[in-house]
Amino acid sequence: MKIKYELLKKDKSTNARYGLLHTNHGSYETPIFMPVGTQATVKTLSPEELKEVGSAVVLANTYHLWLRPGEDLVAKAGGLHPFMNYDGPILTDSGGFQVFSLAKDKKKDIVEEGVHFKSHLDGRKLFLTPELSIQIQNKLDSDIAMSFDECPPASADYNYLKNSVERTLRWAKRGLEVHQNPNQSLFGIVQGGAYEDLRKFSAIETVKMNFDGYSVGGVANDGESKEDMYKAIDYSIPYLPEDKPRYLMGIGEPEDLLEGIERGIDMFDCVLPTRLARHANAFTRNGKINIRNAKYKEDFTPIENSCDCYACKHYTKAYIRHLMVAEETFGARLLSIHNIRFLIKMMEEIRLSIQKDTFSTYKQEFLKKYKDVKND
């Protein structure tokens, strides 16, 4: 079946929404944070550990899986779910973000048919089109596939973005026409930078194609300001249907999650929790901490006393610091468990606050505490 979104409650003082996302692999409350499993695995964690922290939807990357091990091999395994032994919902991105970062000469490499670029693995020349991206995702058999869109640089001017939006719409239509997996939902992506007229045009035209859900794209590019990110959401949301899920791609900072939810976003993903973990950083209610800091050498308390994750229940900062200093991968694993659980638990609390019409109070109290201590 296609996914279905059920709006259950709107916060009285903001655009925050509480709902249910019905998928082929269960129904899950939103807003939701989705861990990223780029190469069909969330780095260092097992599917069982993901379930333990409350994970529902996870992401996999079309570009990386196309190159290795290949969509045909995944299809032979029965699709991504049996291949990676994950029985929850899976979302595959289109590969567009990676492709555009690898396309060196944007004017020459991005053509109407698709994008020319070189493989990051062996340097061979590749060409990805909207049709091929969708066909790969059909074979991967994810619950949700994403349209192939142009990911413009944050520095792009108005004319570039206007042409980019128009091309993305043409590509969305082409992808929609070849999408053939009846059990897979396809999301459209709204682009347009921080320009209100472009976002409005992109949203209205994308919605006309009647996708199963909609993403606000182009908000996690390098160099983009927070102000522009919030403008992009504000300018897109009013034109997206209330009965379809809304997805903000590539966002994982707690303050940005709160801002997105306040504006009406339902779904988020980001590599941040596991990337931070590999660099010895942990989320806490008082801000991020670096566990390598010497002050944690003899700190025999959990990362956070109020956290219910496996790492906080069983291990201390001193031990995890030792693991990271010794370059033992178990340390990164424990920090990854904690960081993902931190964001998922935050979402659980937010959902409850929306149901009680106290989201604004929750946001205010969270940010006041989170910003009291600077990253150490």
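Visitor: Which ring does the charged end of Lys-51 sit over?
Guide: The ring of Tyr-86, with the charged end 5.3 Å from the ring centre. A charge counts as over a ring if NZ of Lys or CZ of Arg is within 6 Å of the ring centre and within 35 degrees of the ring normal. This is a predicted model, where local features need pLDDT of at least 70, side-chain atom pairs count only at pLDDT 80 or more, and totals for chains, interfaces and linings use all residues. Residues are numbered from 1 along each chain as its sequence is written, and side-chain values use heavy atoms, leaving out hydrogens and water.

Visitor: Okay, new topic: is Thr-274 buried or exposed?
Guide: Thr-274 is buried, at 6% relative accessible area; buried means under 20%, exposed over 50%, and partly exposed in between, using a 1.4 Å probe and protein chains only.

Visitor: And what is Thr-274 in contact with?
Guide: Leaving aside neighbours within four places in sequence, Thr-274 is in contact (heavy atoms within 4.5 Å) with Val-42, Lys-43, Ser-336 and Ile-340.

Visitor: What about the sheet, what order do the strands come in?
Guide: The order is S1-S2-S3, an open sheet of 3 strands with antiparallel pairing. Strands are DSSP runs (E, at least two residues), as are helices (H or I, at least four), numbered from the N terminus. Two strands pair if DSSP finds at least two bridges between them.

Visitor: How many bridges join S1 to S2?
Guide: There are 6 bridges between S1 and strand S2, residues 17-23. In this pairing, Lys-4 stands opposite His-22 in S2.
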